[in-house]
Structure formats: structure tokens, C-alpha cells
Amino acid sequence: MPRLDDHCWSCSCAQGARHRSLPRAGPGGLAAKVGDMLGPAALAARRGPDPDPAPARGPRSPGPGGRGAGGGPPGSWHHHLVQRSLVLFSVGVVLALVLNLLQVQRNVTLFPEEVIATIFSSAWWVPPCCGTAAAVVGLLYPCIDSHLGEPHKFKREWASVMRCVAVFVGINHASAKLDFANNVQLSLTLAALSLGLWWTFDRSRSGLGLGITIAFLATLITQLLVYNGVYQYTSPDFLYIRSWLPCIFFSGGVTVGNIGRQLAMVREAISSAGLLQSLYVIRCDLC
């Protein structure tokens, strides 16, 4: 008959042996079990993306505004800002050349002969000024949206932006081509078209408020330029300018604002992709 103390000693020794065997099989056995649980597909995904993931395991310090892991190096934000500014400036220059050419050809806008340049029969300072204004407005729209906490998500695709540009060009074309009995009817028609453009492609309170503010400031600056004899309008009916000009400024602000929002959304998509890639690398490191 085995004694009770034999059972106790045998049990304690067996348990001790089991406890002593766990640390030896810990790293390798645990890794093998985790590998079996992950399966071949997950292990292949772990090995596939980056043959040399050592740089990704370095310290990830957040950049300005929390853009470290997702937005790339701290200077990338400034790089994207400069890129967006150049694109918006180019858009403003092109629109100014095309639309101002239409106004000059229809004798709606008259420049003195000494300031007329050879490029598109327009004053040399018109394209740079319009390009700078387009860059400021295009950067201001997404900035105001982020500060108000109301991200603009209505029809956020490039096809909608291109249709908005086409409608804006059509409104400007109508201001020079359409003949009404008086300027009041033309102004009311263009005002309805401008509000329709905002309702169709924007529908945000920030877009409406910024459009009205831009129209007011641009109209005031234009009044001062015409008053100082820089250029003039034929048949002015609103002090020194045409009464429909604020409608053009309003629709132009909404159009350039949509372009700026779309460019900002492209940058956010790139940052989100970088963040997902960084999270994937962290997950692989943990595995």
C-alpha cells in the first residue's frame, strides 16, 4: 500500500516538473501556437508588404496637429499646403483669363489702352490677383469647416466639382451674353442661378456665409478700383459697377471653395492611408 506522503511527494514533483518545463517551451511553443492560429494567409500578409520593416519600428513622434504616424514627416503638412495653394492659384489664373476675356470681348469691362497686355487682351495684374484670391478662398473653406466642426460631405467627388465649375462658367457667360430689358432683371436672374449653384453643389451654412462675405468684399474692392480709374464698366447701375457683379463673386467663391474642399479631402485620404499602414506595421510588430 503506498503511503499518503508518497502521493504528496509525487504530486509536488510532477507539478514542479510541469512548471519547470513551461519556461523552456515558452517563446518557441507560444510562437508556434500563435502561428497556427493566424494561419498561412496572415503569416504571408505579415511577410509581404515590406521586406525591410526596420525603419517602420523606429520612434513615432507626432507631428504638428497630431500628424506623425498617419501624415508622414512633420514637413509633409506644409508640402501639401503649398501644393494645394499652387493648384488653386493655377485654377484662379485660368478662370480669370477665360472669363475676363469674355467680358472684354462683349465690352462689359473696359481697360485703359496703356494697361492692356497682349495675353488675352487683359490687364497684366488681373490673373495674378484672381489666382491669389482663389488660393486664399480655396484654403479658407476647409479651414472654416474644420473650425466649425461641420465637415462638408455633400457630393464630395471630382465629377460634382467639375459640374460646379461648368455652371459657374455658364453664369458668367450669361452675364455677358443675355440681353434683358434692364439690368435689374438680369441681376435677379443671375442671383437665382447663383443660389441654385450653392444649393446644388454646397448646401452648407459655412459655404453660404463665406460666399456672401466674399461677394461683399470683392464688390467693395471692385468699387474702389473703378472709382480710382483702374478700369470701368459700361452702363453701371450699382454705383460704379453692374448690379449683377456680386452674384458672379458669390458663385465664384462657392466654386473655388468646393475645389479647395476636394483638394483637402484628397490629402485627408492620403493621411488616412498612411495611418492604416502604420497601424498595420504596429500590429505586425506586436504579432
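A: In this predicted model, helix H3 is followed by Gly 149, a residue whose phi is positive, near 70°. The residues of H3 that are buried are Val 126, Pro 127, Gly 131, Ala 134, Ala 135, Val 137, Gly 138, Tyr 141, Pro 142 and Asp 145.

The unreviewed UniProt entry lists residues 86-104, 124-144, 180-201, 208-227 and 239-259 under "transmembrane region". Over the listed residues 124-144, the model is 90% helix and 0% strand, with the end C-alpha atoms 32 Å apart. For the listed residues 86-104, the corresponding values are 100% helix and 0% strand, and there the end C-alpha atoms lie 26 Å apart.

Helix H6, at residues 205-227, can be read by the same approach. Its 23 residues should span 33 Å at 1.5 Å a residue, and the distance between its end C-alpha atoms, 33 Å, agrees with that. Buried in H6 are Ser 206, Gly 207, Leu 210, Gly 211, Ile 214, Ala 215, Ala 218, Thr 219, Thr 222, Gln 223 and Val 226. After H6 comes Gly 229, with a positive phi near 80°.

Positive phi values also occur at residues that are not glycines. One of them is Arg 203, with a phi of about 60°, which is found in the loop between helix H5 (183-201) and H6. Arg 203 counts as partly exposed because its relative accessible area is 40%. Ser 235 also is not a glycine and has a positive phi, of about 55°, and it lies in the loop between strand S2 (232-233) and helix H7 (245-286).

The loop between S2 and H7 also holds Asp 237, which is partly exposed, as its relative accessible area of 35% implies. Leaving aside residues up to four places away in sequence, Asp 237 touches Asn 183, Arg 242 and Ser 243. Asn 183 is 54 residues from Asp 237 in sequence, yet their C-alpha atoms are 7.4 Å apart in space.

On the H4 side, the contact is made by Ser 160, Arg 163, Cys 164, Val 167, Phe 168, Ile 171, Ala 174 and Ser 175, and on the H5 side by Leu 186, Leu 190, Leu 193, Ser 194, Leu 197 and Phe 201.

Another residue of H4, Val 165, is at 18% relative accessibility and therefore counts as buried. With residues up to four places away in sequence left out, Val 165 touches Leu 95, Thr 255 and Ile 259. The C-alpha atoms of Val 165 and Thr 255 are separated by 6.0 Å, although the two residues are 90 residues apart along the chain.

Cys 164, which takes part in the H4 and H5 contact, is buried, as its relative accessible area is 0%. Cys 247 is likewise counted as buried because its relative accessible area is 12%. A disulfide is a covalent bond between the sulfur atoms of two cysteines. With a cut-off of 2.5 Å between cysteine sulfur atoms, the count of disulfides in the model comes to zero.

Finally, the whole chain gives these parts their setting. The protein chain has seven helices and two strands, which run from the N terminus in the order α-α-β-α-α-α-α-β-α. Of its 287 residues, 34% are buried. Among contacts between residues at least 6 apart in sequence, 77% join residues at least 24 apart.

Terms used. Residues are numbered from 1 along each chain as its sequence is written. This is a predicted model: local features need pLDDT of at least 70, side-chain atom pairs count only at pLDDT 80 or more; totals for chains, interfaces and linings use all residues. Side-chain values use heavy atoms; hydrogens and water are left out. Buried means under 20% relative accessible area, exposed over 50%, partly exposed in between (1.4 Å probe, protein chains only). Helices (H or I, at least four residues) and strands (E, at least two) are DSSP runs, numbered from the N terminus. The expected span of a helix is 1.5 Å times one less than its number of residues. UniProt positions are given in the numbering used here, feature names are shortened, and annotations may be inferred rather than shown by experiment. Contact means heavy atoms within 4.5 Å.
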